[in-house]
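I opened my notebook today to look at how one chain packs together. Here is what I looked up, entry by entry.

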Amino acid sequence: MKIIVAAPSNGLALAGEIFKYLEADSRVESVVDISDPNGGYPEVSRRVAIQIATGVADRAVLVCGTGIGTAIAASTIPGVRAATAHDLYSVVGAVANYDAQILCMGQNVIAPPAALGLVDAWLDASHDPDGPYGPLLERLKAFG
């Protein structure tokens, strides 16, 4: 799995921890950090989302203060689904139900050990297009 990690200035510390964690994980083929300490969350999120939409990477983790701004900004790119999640149920559901390619987290919301545990679950999560959410996701994709 090819993964991108990125953050603007208010997410750099947690993004750095996540990058190190992913770099050491055998499930990860490659991980790239494209954080920008001088950029804002809209620009950083857009760069990441474009790379997901064009197939440069399979998934990404975006970190800002709350994870909300990055999710909103990344989701403006057609075909990209970004979800803010700080608990196990939401992290797994974001992928299993909605095939979210981008996990967004807030540095001001979650402690690094908890975030790394959720990233671990996120790596194992997969979407089943034949599951109950498969048809709903197809309807969502049809919106454009």
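**Entry 1: a word I needed.** I call a residue buried when its relative accessible area is under 20%. I also noted that this is a predicted model.

**Entry 2: Ile3.** I looked up Ile3, which sits in strand 1. Is Ile3 buried or exposed? Its relative accessible area is 2%, so Ile3 is buried. Next I listed what Ile3 touches, skipping residues up to four places away in sequence. The list holds Leu22, Val28, Ser30, Val31, Val32, Arg59, Ala60, Trp122 and Leu123. I also checked Asp33, which lies 30 residues from Ile3 along the chain. The C-alpha atoms of Ile3 and Asp33 are separated by 8.8 Å.

**Entry 3: Thr70.** I found Thr70 in helix 3, which covers residues 68-74. Thr70 has 1% relative accessibility, so I count Thr70 as buried too. Apart from neighbours within four places in sequence, Thr70 is in contact with Tyr41, Ser45, Leu62, Val63, Cys64 and Cys104.

**Entry 4: two helices.** I turned to helix 1 (residues 12-23) and helix 5 (residues 112-124). At what angle do helix 1 and helix 5 pack? I read about 45°, with the axes 10 Å apart.

**Entry 5: the cores.** Which residues touch the most other members of the largest nonpolar core? In this core of 25 residues, they are Ile18, Leu22, Met105 and Trp122. The elements giving two or more residues to this core are strand 1 (2-6), helix 1, strand 3 (59-64), helix 4 (88-96), strand 5 (102-106) and helix 5. Helix 5 gives the most, with six residues. There is also a second, separate core of 16 residues, and Ile4, Ala49, Ala57 and Leu62 are among them.

**Entry 6: Met105.** I finished with the contacts of Met105, leaving aside neighbours within four places in sequence. Among them are Leu14 and Ile18, then Leu62, Val63 and Cys64, and also Ala115, Leu118 and Val119.

Terms used: Residues numbered from 1 in each chain as written. Predicted model: local features only at pLDDT ≥ 70, side-chain atom pairs only at ≥ 80, totals over all residues. Heavy atoms only, no water. Axes fitted to C-alpha atoms, helices over the stretch in contact; angles between N-to-C directions. Helix = DSSP H or I, 4+ residues; strand = E, 2+ residues; numbered from the N terminus. Core = buried A, V, L, I, M, F, W, Y, C linked by side-chain atoms within 4.5 Å. Buried < 20%, exposed > 50% of the residue type's maximum accessible area, 1.4 Å probe, protein only. Contact = heavy atoms within 4.5 Å.
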